[in-house]
Amino acid sequence: MKAFFVQIKCDLGKSYDVAGALADAEIASEIHSTAGDYDLLAKFYVDDDEDIGHFVNEKVQILPGIKDTFTVVTFRAF
């Protein structure tokens, strides 16, 4: 399994709706509210042979209320 994080910028007033939609979709292992340029930080896992770009494009960015995303690919946990 590969772990990666997606920072999510939401439409104004939609952070809780987006977080709820992510939770309902059961695709994120963790969802956090953040301060700064992005509103949410979500952690995801995909199989080693699954493409992260396609996953984000087809399962995350399609959720209503998402304005922008920034994906952080991780390599190893210490």
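Modeller: Four strands make an open sheet in the order E2-E3-E1-E4, with antiparallel pairing. Strands here are DSSP runs of E, at least two residues; helices are runs of H or I, at least four; both are numbered from the N terminus. Two strands pair if DSSP finds at least two bridges between them.

Colleague: Which are the edge strands?

Modeller: E2 and E4 (66-73), each pairing on one side only. From one strand to the next, the twist averages 25°.

Colleague: What sort of model is it, and how are residues numbered?

Modeller: This is a predicted model: local features need pLDDT of at least 70, side-chain atom pairs count only at pLDDT 80 or more, and totals for chains, interfaces and linings use all residues. Residues are numbered from 1 along each chain as its sequence is written, and side-chain values use heavy atoms, with hydrogens and water left out.

Colleague: What order do the elements of the chain run in?

Modeller: β-α-β-β-α-β from the N terminus on. That run belongs to a chain with two helices and four strands. The chain's radius of gyration is 12 Å, close to the 12 Å that the globule rule gives for 78 residues, so the chain is as compact as a globular protein of that length. That radius is taken over C-alpha atoms; the rule is 2.2 Å times the number of residues to the power 0.38.

Colleague: Back to the sheet. How many bridges do E1 and E3 pair over?

Modeller: Seven, in the antiparallel sense. Lysine 2 stands opposite valine 46 in E3.

Colleague: And E2 with E3? What lies between them?

Modeller: Six residues, and the two strands form a hairpin. Glycine 36 in the turn has a positive phi of about 120°. E2 (residues 30-33) and E3 pair over four antiparallel bridges. Glutamate 30 stands opposite lysine 43, and histidine 32 has leucine 41 as its bridge partner.

Colleague: Is E3 mostly covered or mostly open?

Modeller: Mostly covered. Five of the seven residues in E3 (residues 40-46) are buried. Buried means under 20% relative accessible area, exposed over 50%, partly exposed in between, with a 1.4 Å probe and protein chains only.

Colleague: Now the helices. Where does H1 lie?

Modeller: H1 (residues 15-25) lies across E1, E2, E3 and E4, at about 15° to E3. H2 (residues 52-60) packs on the sheet, touching E1, E3 and E4, and its direction makes about 40° with that of E1. Axes are lines fitted to C-alpha atoms, for helices over the stretch in contact, and angles run from 0 to 180 degrees between N-to-C directions. Contact means heavy atoms within 4.5 Å.

Colleague: Which residues of H1 are buried?

Modeller: Val18, Ala19 and Leu22 are buried. They cover an arc of only 100° around the axis, which puts them on the same side of H1. The arc is that of the directions from the helix axis to the C-beta atoms. The buried residues of H1 pack against E1, E2, E3 and E4.

Colleague: What about the other side?

Modeller: Tyr16 and Asp24 are exposed there. After H1 comes glutamate 26, with a positive phi near 55°.
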